[in-house]
Amino acid sequence: MISLSMCNELLANEGLSLDRQCEVASALGYMGLELALGSLVPRPHEMTDAEALDLRRTVEAHGLVVTGLHWLLAPYPELSVTDPAKQPETQAVLSRLVTLCGVLGGRVLVHGSPAQRAPVPGEDAAQTMARLVETFAPIARLAETAGVTYCVEPLSPAETPVINTVADGAQLVAAVGSPAFRTMIDTSAAGQSEATPVADVIGQWLPSGSVAHVHVNDTNRGAPGMGRDPFHDIARALRRADWPHPVAVEPFRTCIDATTTAAIGAATMRAAWDAAG
């Protein structure tokens with residue numbers, strides 16, 4: 001049986017409390033929540049350990065776990081991982097999110113945040129990569145200590161020119177050189193960015209060890225099952241790779257409402273997984 005984690009922001013955007021989000025996730029058979037902390041508090045890095053433990057207890061009271069964090073810099077439009085003038089503040093925020101992930105019991109942090117990775121004007125791709133390595137190297141060391149994995153997320157060229165493919169992410173992973181710093185696959189972004197089908201990307205990269213997390217969503221930005229992407233092939237590729245971790249369902253738009261959307265995503269992935277067996 002596939003283990004599914006539910007990204008929480010669509011439910012939060014509809015005004016559901018964390019307790020109610022957990023009720024929905026549990027009723028739909030998800031095993032955990034991947035949290036956009038900015039959907040719960042305005043400045044996540046200011047959360048205390050005690051507040052994080054309260055949040056964790058709320059989730060675990062429903063028989064769920066916090067699987068990780070994403071949308072890391074969404075609450076911080078002023079920050080940047082590429083601008084050296086903003087590097088100290090950005091590193092401070094990300095460092096705190098790394099430690100919070102550990103307190104919450106999460107396994108991964110997913111770094112998307114396209115607006116906060118825009119290249120510095122006038123710098124070329126090699127200079128941008130050097131900036132990223134400089135920013136993320138100490139974050140990776142902290143992640144090692146915290147027992148979590150920090151994942152840079154390849155995103156589509158429509159969102160950012162920086163880190164668009166899994167190969168781009170793997171290049172950064174190699175340059176940072178930490179076992180706690182990896183890349184990941186978002187099936188919607190991969191469907192828009194990669195030259196080969198997403199199932200082939202999974203088959204190529206999961207065995208490499210560079211990939212530590214998977215998001216599933218349709219290229220139309222809906223949940224699996226809300227578009228025409230071949231999730232039976234994607235599930236088959238995950239099974240062939242013996243993927244051992246939860247797969248996070250991360251839609252960006254709803255069908256009827258967020259609960260229905262989460263139900264469609266879970267049902268689609270389970271059916272695809274079973275059919276691929």
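Tutor: Let's start with Arg-221, which sits over the face of Phe-252, 3.9 Å from the centre of the ring. Keep in mind that this is a predicted model. Phe-252 also belongs to the lining of the largest pocket, where Phe-252, Trp-71, Gly-112, Ser-113 and Pro-114 are the residues nearest the centre. That pocket holds about 220 Å³ of space, and its 17 lining residues divide into eight nonpolar, five polar and four charged.

The structure has three aromatic pairs. In one of them, the ring centres of Phe-136 and Tyr-150 are 5.6 Å apart with the planes at 50°, so this pair is tilted. Because Phe-136 lies in helix H5 and Tyr-150 in strand E5 (residues 149–152), the pair ties together parts that are 14 residues apart in sequence. Phe-136 counts as buried at 1% relative accessibility, and Tyr-150 is buried at 0%.

Phe-136 also pairs with Phe-181: their centres are 5.4 Å apart and their planes at 40°, so this pair is tilted too. Phe-181 lies in strand E6 (residues 181–186) and Phe-136 in helix H5, so here the parts tied together are 45 residues apart in sequence. Phe-181 is buried, as is Phe-136. Together, ring pairs join Phe-136, Tyr-150 and Phe-181 into a cluster.

Terms used. Residues numbered from 1 in each chain as written. Predicted model: local features only at pLDDT ≥ 70, side-chain atom pairs only at ≥ 80, totals over all residues. Heavy atoms only, no water. 1 Å grid on protein atoms, 1.4 Å probe; cavity = no way out; pocket = protein on both sides within 12 Å on 5 of 7 lines; lining within 4 Å. Points joined across faces, edges and corners; volume = space filled by probe spheres on them. Nonpolar A, V, L, I, M, F, W, Y, C, P; charged D, E, K, R; others polar. Phe/Tyr/Trp six-rings, centres within 6.5 Å; stacked < 30°, edge-to-face > 60°. Helix = DSSP H or I, 4+ residues; strand = E, 2+ residues; numbered from the N terminus. Buried < 20%, exposed > 50% of the residue type's maximum accessible area, 1.4 Å probe, protein only. Lys NZ or Arg CZ within 6 Å of the ring centre and 35° of its normal.
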